[in-house]
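Have the sequence and the 3D view open while you read.

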Amino acid sequence: MKRTSFLSVGLCTVTLFLLFATAGFGQSIIVENRLVEEVSHYTVEIPVEKFSLAYGGYMVVGEDGEELPLEIVADIHGNRKAIFPVDCLPGNSKKVFQVKEGSADRYPKRAYAELGHKIGGEFAGPKYEGGYSWVKPNRLTVNGTFRDHAYYIKYEGPGWESDMVGFRFYLDQRNAVDVFGKKTPGIILPFVGVDGYDSYHEMADWGMDNMKVGNTLGLGSIAIWNGTKAVRVEKRDSVGCYIPADGKVRAQVMTTYYGWDANGVKCNLESLISIDAGNRASHMELKADRPVDNITTGIIKSKDAKLILPAEENNSKTHWSYIATFGKQSLNNDMMGLAVFYRNDQLKEITEDALNHLVVLSPQNGYVEYYFMPTWELDWQPVKDEAAFRKCLDDMLRKLNHSVLVIIK
């Protein structure tokens, strides 16, 4: 039998208002919340050019002596930022941090991303046969003929997680996002998909894959609206994927879809997914190298879930808004909430097709962004009813729509 290989192996943050002096070692960073409400699990972002630090490892230290990691990441445009976490900003409060040398060794790892595959076997047509060992190169390229259930890639694509929730998407023609519910704050993805390949569909001590995606967009998948339905990123020449960040604070998955056929427009589409410590939401940034309209995302429809939209009078006054569903829609028949947050200035329409609730977006210079967020009643921080889910929605909107003041002295 002729054997053909189908493969070659080869950065959620909130809006900031920043006032800067030149930052350097030993200087102070003041983070101020001027809202009445508390802001929790906030990631401070500072452009790296605002720092003048020698090469080496740095951290920030709070007024209480807590040492926090200071990480360098980039957005999809290549803008490099120094980030660190602030777990709680009470209403009308400020916190002061000092930049110091060090690595915050005692701070736990709260974000993770990986991309792994089998070794020791070989392809027999589209399927990978044999091989029971795994490697994690965190970089992989597949061509346009690579298909699902090849039994080669660990849980069929890249995975990323915070201490709150985990995700994956299929690195094949489906290109859909799936959700791992977590019953523990610990990092779990290194142990998922290596025993029984797809045993993650069954409940384990850590949790489970708690969404059945099928032909839908799952939650937050990339698609194009053709006027009748959402079409996922199915027709493409090849796909390159790698992990640009795997820090304690932020993990990222970067993907380039080469030769994507988007309603007859062939383009290269870059996707950067980021997740931060303490956050349920993933941030999706998309950039196309040719004009593409009607980039779409959405949420799987369920007869057991209620569609939730913000009040229209409030929605018109904000920069960010959302669509959401809540109900007994998990694979385990539990209460599950699903939400997509979008920018009002990029919104073209809210619509639906037979399988999905949809958000159709108009890119600005080829760029769009959105967030997608799940909750689960069996999470280690459970969201058991609609009232608790609506609080999660409100908390996320507060981060997106209201500025936190960051000053460097």
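## Arg168 and its two partners

In this predicted model, Arg168 makes a salt bridge to Asp178, with 3.0 Å between the closest N and O atoms. Arg168 sits in strand S19 (residues 165–169) and Asp178 in strand S20 (residues 177–182), so this pair ties together parts that are 10 residues apart in sequence. Are these two buried or exposed? Arg168 and Asp178 are both buried.

Arg168 also pairs with Asp209, and here the closest N and O atoms are 2.8 Å apart. Asp209 counts as buried because its relative accessibility is 0%. Arg168 has a relative accessible area of 1%, so it is buried too.

## A partly exposed pair

For another salt bridge, go to Asp237 and Lys266, whose side chains meet at 3.3 Å, N to O. Asp237 is in the loop between strand S23 (230–232) and strand S24 (238–246), while Lys266 is in strand S26 (residues 265–276), so the pair ties together parts that are 29 residues apart in sequence. How exposed is each end? Asp237 comes out at 45% relative accessibility, so it counts as partly exposed. Lys266 has a relative accessible area of 45%, so it is partly exposed as well.

As for the overall tally, the model has 28 salt bridges. As background, side chains of opposite charge can pair when their charged atoms come close.

## Helix H2 and what covers it

Now for a helix. H2 runs over residues 386–401, which makes 16 residues. From its first C-alpha to its last, H2 reaches 22 Å, close to the 22 Å expected at 1.5 Å a residue.

Which residues of H2 are buried? They are Phe389, Cys392, Leu393, Met396, Leu397, Arg398, Lys399 and Leu400.

Technical notes. Residues are numbered from 1 along each chain as its sequence is written. This is a predicted model: local features need pLDDT of at least 70, side-chain atom pairs count only at pLDDT 80 or more; totals for chains, interfaces and linings use all residues. Side-chain values use heavy atoms; hydrogens and water are left out. Helices (H or I, at least four residues) and strands (E, at least two) are DSSP runs, numbered from the N terminus. The expected span of a helix is 1.5 Å times one less than its number of residues. Buried means under 20% relative accessible area, exposed over 50%, partly exposed in between (1.4 Å probe, protein chains only). A salt bridge is a side-chain nitrogen of Lys or Arg within 4 Å of a carboxyl oxygen of Asp or Glu.
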